[in-house]
Amino acid sequence: MSESVPVRCPACRSERLYALPAWPCACGATVTPLVDGAAPPAVVVHRAWAEEWITLPCPRCARPAQWPHPELGCPCGTVLRLPVTGAAPADPGGAAPDTAPAPRPSPDSPGVRRNPHPLVIRTALDAVTATVLYLGALGFRDVRRADQRPTVGIGLAAPGLLALVDPSVRPASPRDVECLWLTAMTESARCAYFSLAGYADDARTGADRLGVPLFVLDLTGTPRPVNPAADTFDTDGA
């Protein structure tokens, strides 16, 4: 079970528990941020792309990677960005450096599509974290933010893959799907679309024609395939 830390909202003074994420490093270890409990969380008023990511080294192999900055949504409506001081030390019983990640379960195994680290989605960054964890479970290494910022949502990239996380409250349009597909084509990469609100009917039709995997993120952070290309993506992995 993930470790939880208490977080007090500076706006309403209520206290909530925040479950620390466990991000998958390519070496097979997990990267868990250390939250400074003595420092107050920052209130997110304006979004700045650079502030939504942190760079942390893996405590086992020391490989640095970018991860979503931990955030917590308070019931009062305030979004809190937690102060991070580094990564938690490696688990002595964890995987050794430079070992391959644990094998992914067979596609016929029960719960193969479950996110290995369930995460309640309250903010856009929660949706990104859930997608990163899911892609890591499928064998995609070095998942990071994409170099090109998409017109909608948040872009993620891994070797040979472009993924789009769309946390908006409107269903994705055909143009959204086609833009992802065109960008992936120019980079000779596969692509996958992850949406919170689902897809318009014509967006699904276009995705089926182009072979774009479509997933819907439920509120537990589990990506659900909604077209045949997504079923294949989930089965085959990286």
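These legends walk through several close-up views of a predicted model. Residues are numbered from 1 along each chain as its sequence is written, and side-chain values use heavy atoms, with hydrogens and water left out. In this predicted model, local features need pLDDT of at least 70 and side-chain atom pairs count only at pLDDT 80 or more, while totals for chains, interfaces and linings use all residues.

**View 1. Confidence along the protein chain.** Let's start with pLDDT, the predictor's confidence in each residue, from 0 to 100. The chain has a mean pLDDT of 81, and 85% of its residues reach 70 or more. Strand 15 has the highest confidence, at 96, and strand 3 (residues 23-24) the lowest, at a mean of 74. Over residues 94-113 pLDDT stays under 50, and the model has 33 contacts beyond four places in sequence for this stretch; a contact means heavy atoms within 4.5 Å. Where pLDDT is low, the predicted coordinates should not be read in detail.

View 2. Helices (H or I, at least four residues) and strands (E, at least two) are DSSP runs, numbered from the N terminus. Two strands pair if DSSP finds at least two bridges between them. Six strands make up an open sheet with mixed pairing, in the order 12-13-14-15-16-17. Strand 12 (144-145) and strand 17 (223-225) are the edge strands, each pairing on one side only.

**View 3. Strand 14 and its two partners.** Strand 13 (residues 154-158) runs antiparallel to strand 14 and is joined to it by five bridges. Among the bridge partners here, Ala157 goes with Leu162 and Ile154 with Val165. The two strands form a hairpin with two residues between them, and Gly160 in the turn has a positive phi of about 80 degrees. Strand 14 also pairs with strand 15 (residues 190-195), in the parallel sense over six bridges, and Asp166 stands opposite Ser195. Strand 14, helix 2 (residues 174-186) and strand 15 make a right-handed β-α-β unit; right-handed means that, with the strands pointing away from the viewer, the path from the first strand over the helix to the second runs clockwise.

**View 4. Both faces of strand 14.** Is strand 14 enclosed or open? Six of its six residues (161-166) are buried, so the strand is largely enclosed by the rest of the structure. Buried means under 20% relative accessible area, exposed over 50% and partly exposed in between (1.4 Å probe, protein chains only). Leu161, Ala163 and Val165 lie on one side, with Leu162, Leu164 and Asp166 on the other. In a regular strand the side chains alternate between the two faces of the sheet.

**View 5. The largest nonpolar core.** A nonpolar core is a set of buried Ala, Val, Leu, Ile, Met, Phe, Trp, Tyr and Cys residues joined through side-chain atoms within 4.5 Å. The largest one has 33 residues, and Leu135, Phe140, Leu156, Phe194 and Phe233 have the most contacts inside it. Helix 1 gives the largest share, seven residues. Beyond its neighbours within four places in sequence, Leu156 is in contact with residues including Trp53, Val128, Val132 and Leu161.

**View 6. His69 in its loop.** His69 is found in the loop between strand 8 and strand 9 (71-73). This histidine, His69, is buried, with a relative accessible area of 13%. Its side chain reaches the backbone oxygen of Leu82 at 2.7 Å. Leaving aside neighbours within four places in sequence, the contacts of His69 include Glu51, Trp53, Arg81 and Leu125.

Notes:
A polar contact is a pair of N or O atoms within 3.5 Å; within protein, one must be able to donate a hydrogen and the other to accept it, and residues adjacent in sequence count only if both atoms are side-chain atoms.
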